[in-house]
Amino acid sequence: MKMSLMKKLSLSILLAVLVSIILVSLISNAIIDKEFNKYLAGEHQTKIKNAINIIEDLYRQQGGFSDISQDELRRYSEMQGLYIEIRDLNDDTVYTSGTAYLQHNNMMRGMMGDMMGNYAGMNPNQYTEDTYSIFLDDNKVGTVIIGYINTSFLSPDSITFIRALNYSFVISAFIALAIGLLISIVISRQLSNPLAKITQTSNQMRTGNLEVRSIVKTSTKEIDELSNSINYLAETLSAQEMLRKRLTTDIAHELRTPLTTLKTHLEAFIDGVWEPTTERFEIFYEEINRLSKLVDNLRDLAQLEQPNKKINKSEVNLSNELEKIIEAFKPLYLKENYQLESNIEPEITALIDMDKFKQIMNNLLSNAYKYLKPDGKAEVTLTKQNKNIIIKVKDNGIGIAEKDLPYIFERFYRSDISRSKNTGGAGIGLTITKSLVEALGGRISVESKLNIGTTFTIIFSDIASL
Ligand code: ADP
């Protein structure tokens with residue numbers, strides 16, 4: 001059964017309060033009982049001592065038990081609930097208080113009622129008799145038998161005390177329950193109100209409103225964190241949503257250009273305006289090539305952006321591998337009379353995914369090639385500084401305008417110059433390169449000056465082997 005937080009908290013707090021009150025009253029009752037019994041036993045002893053003193057005084061005053069004042073003893077016996085019997089040295093009874101003590105007992109039972117009937121484990125009906133010797137100047141003159149029913153222990157004061165104590169427990173139980181209820185309502189409000197707001201926000205998000213944000217005022221750390229994560233989720237989702245929309249328009253845009261070219265050319269063929277020559281078919285071929293490259297790039301990008309990218313790291317001699325990649329590019333550069341130079345620190349080894357590293361270098365070297373000017377030059381350097389492996393790809397090509405620099409790693413971003421140059425790129429290469437570098441745990445940055453050249457710098461930390 002699902003229960004609201006408020007109800008659950010209130011019930012738990014009330015239960016805790018109730019259990020603690022019961023425990024406190026049980027424990028304090030037990031302790032007080034013990035102390036109270038001690039006190040009562042002491043009182044009882046005093047009563048007996050007093051009775052003996054009275055008898056000894058009477059004996060002394062009257063010179064024997066023959067004319068012992070009955071009134072004083074009777075009153076005492078009545079008041080204290082004691083049965084008093086005096087016997088002389090011959091063990092003959094010279095005085096007995098009779099049943100006067102029972103009056104006290106009845107009165108006490110009346111006061112105590114049922115609630116206190118068994119107070120401190122006393123059996124209220126148990127009658128006990130003790131015998132004491134009576135001395136006069138160290139000479140035994142007789143014995144006194146003092147009997148009492150257990151409740152005679154209790155004086156009206158002590159009963160009032162016990163009653164007050166129990167009453168105070170009941171009162172404090174009610175007060176504690178009321179305070180507990182109040183606290184539980186306040187706390188559960190403090191917890192459930194912001195949670196309800198957060199739920200409301202996430203429900204709004206569920207229905208597609210990604211602009212909504214959770215604003216809650218709370219001093220509870222966890223709720224604050226929850227609210228922040230919901231906001232973060234909303235931001236991520238809306239960023240994703242924007243990206244998805246932009247991607248769709250970008251792809252549509254990128255597809256439209258080659259498709260329009262193909263369409264208009266074909267229409268011209270059909271209408272007989274144009275002769276289908278090899279040259280014109282080559283244009284078709286190039287456009288189709290561009291389309292299939294775009295599709296390949298998109299597939300790579302989608303794979304890279306999956307959260308669990310697969311990385312196959314192995315220990316390689318990066319210096320040698322990089323030289324091989326550069327060598328493979330040299331014929332392409334030579335064809336255009338470009339120079340491709342390398343400045344590679346030898347014997348740098350690293351733990352790296354070589355396929356991904358090759359793809360990074362291919363992208364950067366083919367970009368440099370694409371944007372070089374006649375007699376252009378590109379240079380690749382590899383150095384190791386402390387634990388960092390630094391790779392630079394520098395060219396003296398057309399450069400990138402300052403306004404374009406912040407965006408060149410974004411999907412489908414192409415500078416105006418490169419668009420007009422019709423390099424065949426779709427503006428995805430650097431996006432893929434950046435994702436690859438990051439997947440390998442590195443960072444990529446760019447510096448460029450228009451008409452002077454561009455330098456891409458990649459820094460890998462912690463991949464260098466010893
Ligand atoms: P593309 O496929 O269009 O080259 P990229 O993502 O690789 O796409 O590059 C994005 C843009 O960055 C390019 O269109 C170009 O304007 C610019 N760019 C990249 N590399 C260079 C470079 N070496 N020199 C000048 N501009 C460059």
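Which residue forms a salt bridge with Glu85? In this predicted model, where local features need pLDDT of at least 70, side-chain atom pairs count only at pLDDT 80 or more, and totals for chains, interfaces and linings use all residues, residues are numbered from 1 along each chain as its sequence is written. Side-chain values use heavy atoms, with hydrogens and water left out.

The partner of Glu85 is Arg87, with the closest N and O atoms 2.8 Å apart. A salt bridge is defined here as a side-chain nitrogen of Lys or Arg within 4 Å of a carboxyl oxygen of Asp or Glu. Glu85 is buried, at a relative accessible area of 9%, and Arg87 is partly exposed, at 22%; buried means under 20% relative accessible area, exposed over 50%, and partly exposed in between (1.4 Å probe, protein chains only). Glu85, Arg87 and Asp91 are linked in a network of salt bridges. The structure holds 14 salt bridges.

In another salt bridge, Glu235 pairs with Arg213, the closest N and O atoms being 3.5 Å apart. This pair links distant parts of the chain, 22 residues apart: Glu235 lies in helix α5 (residues 221-270), and Arg213 in the loop between α4 (156-206) and α5. Helices (H or I, at least four residues) are DSSP runs, numbered from the N terminus. Glu235 is partly exposed, with a relative accessible area of 44%, as is Arg213, with 26%.

Asp296 and Arg299 also meet in a salt bridge (3.9 Å, N to O). These residues are separated by about one helical turn because they are three residues apart in helix α6.

Definitions and conventions. Helix = DSSP H or I, 4+ residues; strand = E, 2+ residues; numbered from the N terminus.
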